[in-house]
Amino acid sequence: MDHHQGRAGRAEGQDLISVIRLFLVALAAACCCTAARADGKGEHERRLAAELAVMAGDIRRLANEQGGALEREGLVERLSGALSSLPLLLRRVQGEPAPVAGLRAALEQRDWRKLATQIERLRKSRPFDARHLLDAAPTREALALGATIHRSTCAACHDKPSGEDTLLPAKNLSAQLNSMPREEFAARLWLGVRGDQSTALANPFSDAELAALIAWYGKTR
């Protein structure tokens, strides 16, 4: 037996194993990157869909002349801000930002019917899936969690609305749940507090926590 040949064979085998290991590591890294990109795109899709749902609700309130003059002006300002970020959201999901120009023109003209029609076209292709937030069973534990979140985070502003006509009034959340489509309400909570610079807050809660909060509002309205 040629001992040198045996060592060479083992070395070649070890080299092959090393190559295979490197390949597997590279493959795993590629899969992780692909999954991260997919998750990122899904998150962008979800945010876009939620924004469109909230915009549709604000337009409906303007069309129905709900709220006082200051509140309606606040809705217009909020829609203007949403339209400013809409092209970026559309690009992130490989969408076409061209329709935004028409939306801005309709908002400038205060043509709520036209604006609603154009937003609805976008919503049909980007619906907000709220089932994971709305279909949770209202168990005792879920309701207790929802009550705790409300008391610690929401009650200070929303339990005793002033009733004054302001740009962005805080409203009773249980009453809001009963005054709009449930999917829209879920989208509003998922996006977070939509107040001014002093009160704006990104959603800090998990889907399970939001589902518990919505279940509690459904029980207390």
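## A buried aspartate

D58 has a relative accessibility of 2%, so D58 counts as buried (buried means under 20% relative accessible area, exposed over 50% and partly exposed in between, with a 1.4 Å probe and protein chains only). Its place is in helix α1, residues 3-63; helices are DSSP runs of H or I with at least four residues, numbered from the N terminus.

Leaving aside residues up to four places away in sequence, D58 touches L75, R78, L79 and R188, where contact means heavy atoms within 4.5 Å.

## About the model

This is a predicted model, in which local features need pLDDT of at least 70 and side-chain atom pairs count only at pLDDT 80 or more, while totals for chains, interfaces and linings use all residues. Residues are numbered from 1 along each chain as its sequence is written, and side-chain values use heavy atoms, with hydrogens and water left out.

## Helices α6 and α9

How do these two helices cross? The axes of α6 (residues 140-158) and α9 (residues 207-220) come within 7 Å and cross at roughly 95°. Axes are lines fitted to C-alpha atoms, for helices over the stretch in contact, and angles run from 0 to 180 degrees between N-to-C directions. The two helices α6 and α9 are therefore roughly perpendicular to each other (angles of 65 to 115 degrees count as roughly perpendicular, under 35 as roughly parallel, over 145 as roughly antiparallel and the rest as oblique).

## Helices α3 and α4

For α3 (residues 99-108) and α4 (residues 112-125), the axes come within 8 Å and cross at roughly 155°. That makes α3 roughly antiparallel to α4.
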